[in-house]
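Please examine the structure shown below.

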Amino acid sequence: MNRRGLILSVLALGAAGFGGATWFAIRPGPVAEAEPVAPELAEAMIRPYSPILGPADAPVTIVEFFDPACEACRAFHPIVKDIMAEHGEAVRVVIRYTPFHGAASEEAIRVLEAARMQDVYVPVLEAVLREQPRWASHGAPAPGLILQIAATAGLDAEAARTQMLAPGVVAILNQDRADVEAVGIRQTPTFFVNGKPLDPFGEAELRRLVAAEVAAAQS
């Protein structure tokens with residue numbers, strides 16, 4: 001299960017669409033210094049093929065274990081973009097696919113990878129998340145809509161039908177699943193900042209952890 005109720009309460013975004021949210025009080029005070037992941041897990045955090053948003057050589061890396069069908073991931077997306085805008089060239093985001101919602105999640109990931117091949121990854125990502133309530137309804141999922149939605153953001157749908165089935169896309173899905181298991185990810189989104197897990201979880205905590213890592217990198 002993801003943190004959808006908790007996060008949607010924090011953000012007050014999309015509450016009407018997702019329902020059932022409960023209020024969450026953001027913890028005050030500084031975030032305790034988190035320990036980076038164990039060295040043997042470092043390789044499983046980022047792969048050479050992982051999609052990167054922002055400067056490739058940024059000194060601060062946010063790794064987001066992300067499911068495109070996750071309501072909380074959708075709600076957190078504008079916050080992540082705002083953090084990147086706030087810190088400019090100092091921050092990048094690495095996306096790790098975490099298809100916890102089954103067939104709809106996997107189809108969306110395949111569409112995103114086809115979009116990456118066509119160099120329209122970001123606009124397609126935005127469209128897929130914006131229209132998520134249409135295609136990722138957990139009561140009556142309609143994953144067939146995803147390709148149509150992506151086409152409105154510039155994806156060549158005919159080419160994408162072949163690209164989505166490419167061996168490289170299958171390999172990415174399989175490796176990300178293995179890494180999710182190795183790292184012990186159980187809910188989405190899950191964030192690491194320069195290898196440090198976000199704990200406790202929340203918008204304020206993510207902002208503080210990123211700011212601290214940026215300050216350390218610039219000192």
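Helix H4 passes helix H6 in a left-handed crossing, a term that applies if the near helix is turned anticlockwise from the far one by less than a right angle, with clockwise giving a right-handed crossing. The model is a predicted one, in which local features need pLDDT of at least 70 and side-chain atom pairs count only at pLDDT 80 or more, while totals for chains, interfaces and linings use all residues. Residues are numbered from 1 along each chain as its sequence is written, and side-chain values use heavy atoms, with hydrogens and water left out.

**Helix H4 against helix H6**

- The axes of H4 and H6 come within 9 Å and cross at roughly 140°; axes are lines fitted to C-alpha atoms, for helices over the stretch in contact, and angles run from 0 to 180 degrees between N-to-C directions.
- That angle makes H4 oblique to H6, since angles under 35 degrees count as roughly parallel, over 145 as roughly antiparallel, 65 to 115 as roughly perpendicular and the rest as oblique.
- Arg 74, His 77 and Lys 81 of H4 make the contact with Leu 125, Glu 126, Leu 129 and Arg 130 of H6, where contact means heavy atoms within 4.5 Å.
- By class, the contact of H4 with H6 has two nonpolar, one polar and four charged residues; Ala, Val, Leu, Ile, Met, Phe, Trp, Tyr, Cys and Pro count as nonpolar, Asp, Glu, Lys and Arg as charged, and the others, Gly among them, as polar.

**Helix H4 against helix H11**

- The axes of H4 (residues 71-87) and H11 come within 11 Å and cross at roughly 25°.
- H4 is therefore roughly parallel to H11.
- The crossing of H4 past H11 is right-handed.
- On the H4 side, Phe 76, Ile 79, Asp 82, Ile 83, Glu 86 and His 87 meet Glu 203, Leu 206, Arg 207, Val 210, Ala 211 and Val 214 of H11.
- This contact of H4 with H11 comprises seven nonpolar, one polar and four charged residues.

**Helix H11 itself**

- H11 covers residues 203-218, which is 16 residues, and reaches 23 Å from its first C-alpha to its last, close to the 22 Å expected at 1.5 Å a residue; the expected span is 1.5 Å times one less than the number of residues.
- Buried residues of H11 are Glu 203, Ala 204, Glu 205, Leu 206, Leu 209, Val 210, Glu 213 and Val 214; buried means under 20% relative accessible area, exposed over 50%, and partly exposed in between, with a 1.4 Å probe and protein chains only.
- Gln 218 also lies in H11, and at 60% relative accessibility it counts as exposed.
- Gln 218 and Ala 90 are 128 residues apart in sequence, yet 8.8 Å apart in space from C-alpha to C-alpha.

**Helix H5 against helix H10**

- The axes of H5 (residues 103-117) and H10 (residues 167-183) come within 10 Å and cross at roughly 125°.
- H5 and H10 are therefore oblique to each other, and H5 passes H10 in a right-handed crossing.
- Glu 106, Ile 109, Arg 110, Glu 113, Arg 116 and Met 117 of H5 meet Val 169, Val 170, Ile 172, Leu 173 and Arg 177 of H10.
- Six nonpolar, no polar and five charged residues make up this contact of H5 with H10.

**The chain as a whole**

- The secondary structure comes to eleven helices and five strands; helices (H or I, at least four residues) and strands (E, at least two) are DSSP runs, numbered from the N terminus.
- Of the 219 residues of the protein, 49% count as buried.
- Among contacts between residues at least 6 apart in sequence, 79% join residues at least 24 apart.

**Loops and local backbone**

- Ala 38 is in the loop between helix H2 (15-18) and helix H3 (42-45), and at 27% relative accessibility it counts as partly exposed.
- Ala 38 and Lys 196 are 158 residues apart in sequence and 9.9 Å apart in space, C-alpha to C-alpha.
- Thr 188 and Pro 189 are joined by a cis peptide bond with omega of about -10°; Pro 189 lies in the loop between H10 and strand S4 (190-193).
- The peptide bond from Asp 199 to Pro 200 is cis, with omega near 5°, and Pro 200 is in the loop between strand S5 (196-197) and H11.
- Asp 119, in the loop between H5 and helix H6 (121-130), has a phi near 65°, a positive value in a residue other than glycine.
- Asp 119 is exposed, with a relative accessible area of 71%.
- Asn 194, in the loop between S4 and S5, has a positive phi near 50° and is partly exposed, with a relative accessible area of 29%.
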